Amino acid sequence: MVYKNIQRAVFLKRPNRFIAHVNIEEKGIEIVHVKNTGRCAEILKAGTPVILEKSQNTNRKTAYSLVSAYKGDMLINIDSQAPNTVVYDALIEGRIKELSSVDVLKREATFGNSRFDIYFETVNSKGLVEKGFIEVKGVTLENNGVAMFPDAPTIRGTRHVNELIKAHELGYSCFVFFLVQMKGIKRFAPNSFTDPDFASALLAAKKAGVQIIAYDSIVTENSITIGDPVKTF
């Protein structure tokens, strides 16, 4: 996934979930859209170098969107819309070893009370068609090399995981895919401190047979692509 018309800036403050104030050299203070409604509190601190993408929509209230930020030397993509695209493209390219031979792909599919990010079909070794769902979660929270999700309580995320358990019981192949939006991660774990309900649901899903996988990302100032598998809990 490639960003166009990027601009470096310095983060100043975030009055609410949707906007931030940044300082662009030679332009001054600008109000920009934040492409992530999560907290990102450990990332978006005053003085942090950030990367913006200029919008091509001249009618927008904000001319730029904040898409990534540096945490020390680590560049973290915080665009919550990016993971679905990155994973979908990686599936098409056969770059996810757990799902390297997918025959049918569809973005967004409804099951029960949830809409999962990806529906897929693949032919197994016996020549039978397997159908399944993939729920993609972007991960931006990192602590000492451990990536964690979520960074804020997510009732919707817990519902999705519970629905995947139901789908698996009905014969679907189900995955929760955590795309860690940075490099340099040792492992992934659910954030039981911030959201114990989500963590419990994820553990129950794993025991039920839902596959939990995580990959890191190759992040540059103008792109994000799939990286390597990350050890999970």
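This is a predicted model: local features need pLDDT of at least 70, side-chain atom pairs count only at pLDDT 80 or more; totals for chains, interfaces and linings use all residues.

Trainee: Okay, what is the strand order in the open sheet of six strands?

Mentor: The order runs β7-β8-β9-β12-β14-β15, and the pairing is mixed. The edges are formed by β7 (104–111) and β15 (223–229), each of which pairs on one side only. On average, and with direction ignored, neighbouring strands of this sheet are turned by 35 degrees against each other.

Trainee: And in which sense do β12 and β14 pair?

Mentor: Strand β12, residues 173–180, and strand β14, residues 211–220, pair in the parallel sense over five bridges. In one of the bridges, Phe178 has Ala214 in β14 as its partner.

Trainee: Which strands does helix α1 touch?

Mentor: Helix α1 (residues 82–92) packs on the sheet and touches β7, β8 (114–123), β9 (129–139), β12 and β15, while its direction makes about 140 degrees with that of β7.

Trainee: Switching topic, at what angle do α2 and α3 pack?

Mentor: Helix α2 (residues 155–169) and helix α3 (residues 196–208) pack at about 15 degrees, with their axes 9 Å apart. Because angles under 35 degrees count as roughly parallel, α2 is roughly parallel to α3. The crossing of α2 and α3 is left-handed.

Trainee: Which residues of α2 and α3 meet there?

Mentor: From α2 they include Val161, Ile165 and His168, and from α3 they include Phe198, Ala201 and Leu202. The residues of the contact of α2 with α3 divide into eight nonpolar, four polar and one charged.

Technical notes:
Residues are numbered from 1 along each chain as its sequence is written. Side-chain values use heavy atoms; hydrogens and water are left out. Two strands pair if DSSP finds at least two bridges between them. Helices (H or I, at least four residues) and strands (E, at least two) are DSSP runs, numbered from the N terminus. Axes are lines fitted to C-alpha atoms, for helices over the stretch in contact, and angles run from 0 to 180 degrees between N-to-C directions. Contact means heavy atoms within 4.5 Å. Angles under 35 degrees count as roughly parallel, over 145 as roughly antiparallel, 65 to 115 as roughly perpendicular and the rest as oblique. A crossing is left-handed if the near helix is turned anticlockwise from the far one by less than a right angle, and right-handed if clockwise. Ala, Val, Leu, Ile, Met, Phe, Trp, Tyr, Cys and Pro count as nonpolar, Asp, Glu, Lys and Arg as charged, and the others, Gly among them, as polar.
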